[in-house]
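User: I'm new to this structure and would like to learn how to read it. Could you walk me through it, one feature at a time?

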Amino acid sequence: MSDKFIIVQVHHGGHFVFYLHVIYEGDRVDQFINSDPNKMSMFELRDLYYDLVDGKWGNIDMYYTWPSYNLDVWLITIYSDADVMKMLKAYKSLDYVVVYV
């Protein structure tokens, strides 16, 4: 990874809806600026989300999609740190990543 920091954009509080295309409806979008991609992990993403919901713990599912793809083409579940690394690689030319919870 590079030495640059990234923005982590978190869509949360909504749900996926299957119309003609998959959309994430009723969500709220928050951003974490100056996140270090070298320290990014599945647990780091989870903790960012828990910060948004005032520390309310529970099981969550996290997803991402390839940049500029529709949700119904490449919606990928984040199961592990390896998946986080794949996400960062997909977004490496950009200064942000987009996560859905």
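User: What share of the chain's residues is buried?

Analyst: Buried means under 20% relative accessible area, exposed means over 50%, and partly exposed is in between, with a 1.4 Å probe and protein chains only. Here, buried residues make up 40% of the 101 residues in the chain. Before we go on: this is a predicted model, where local features need pLDDT of at least 70 and side-chain atom pairs count only at pLDDT 80 or more, while totals for chains, interfaces and linings use all residues. Residues are numbered from 1 along each chain as its sequence is written, and side-chain values use heavy atoms, leaving out hydrogens and water.

User: Which elements does the chain have, and in what order?

Analyst: Helices (H or I, at least four residues) and strands (E, at least two) are DSSP runs, numbered from the N terminus. This chain has 2 helices and 7 strands. Starting at the N terminus, they run β-β-β-β-α-β-β-α-β.

User: How do β2 and β3 run relative to each other, parallel or antiparallel?

Analyst: Two strands pair if DSSP finds at least two bridges between them. Strand β2 (residues 15–18) and strand β3 (residues 22–25) are antiparallel, joined by 4 bridges. V17 has I23 in β3 as its bridge partner. A hairpin of 3 residues links β2 to β3.

User: Is T65 buried or exposed, and what is T65 in contact with?

Analyst: T65 counts as buried because its relative accessibility is 5%. T65 sits in strand β5. Contact means heavy atoms within 4.5 Å. Leaving aside neighbours within four places in sequence, T65 is in contact with N70, L71, W74, L75, Y91 and Y100.

User: And W57, buried or exposed?

Analyst: W57 has a relative accessible area of 62%, so W57 is exposed. You'll find W57 in the loop between α1 (42–52) and β5 (63–65). Apart from neighbours within four places in sequence, W57 is in contact with R46, D47 and Y50. Take D47: from W57 it is 10 residues away in sequence and 9.6 Å away in space, C-alpha to C-alpha.

User: How does the chain's radius of gyration fit a compact globule?

Analyst: The radius is taken over C-alpha atoms, and the globule rule is 2.2 Å times the number of residues to the power 0.38. For 101 residues, a compact globule would come out near 13 Å, and the chain agrees because it has 13 Å. Along the principal axes, the C-alpha atoms fill a box of roughly 40 × 30 × 20 Å.
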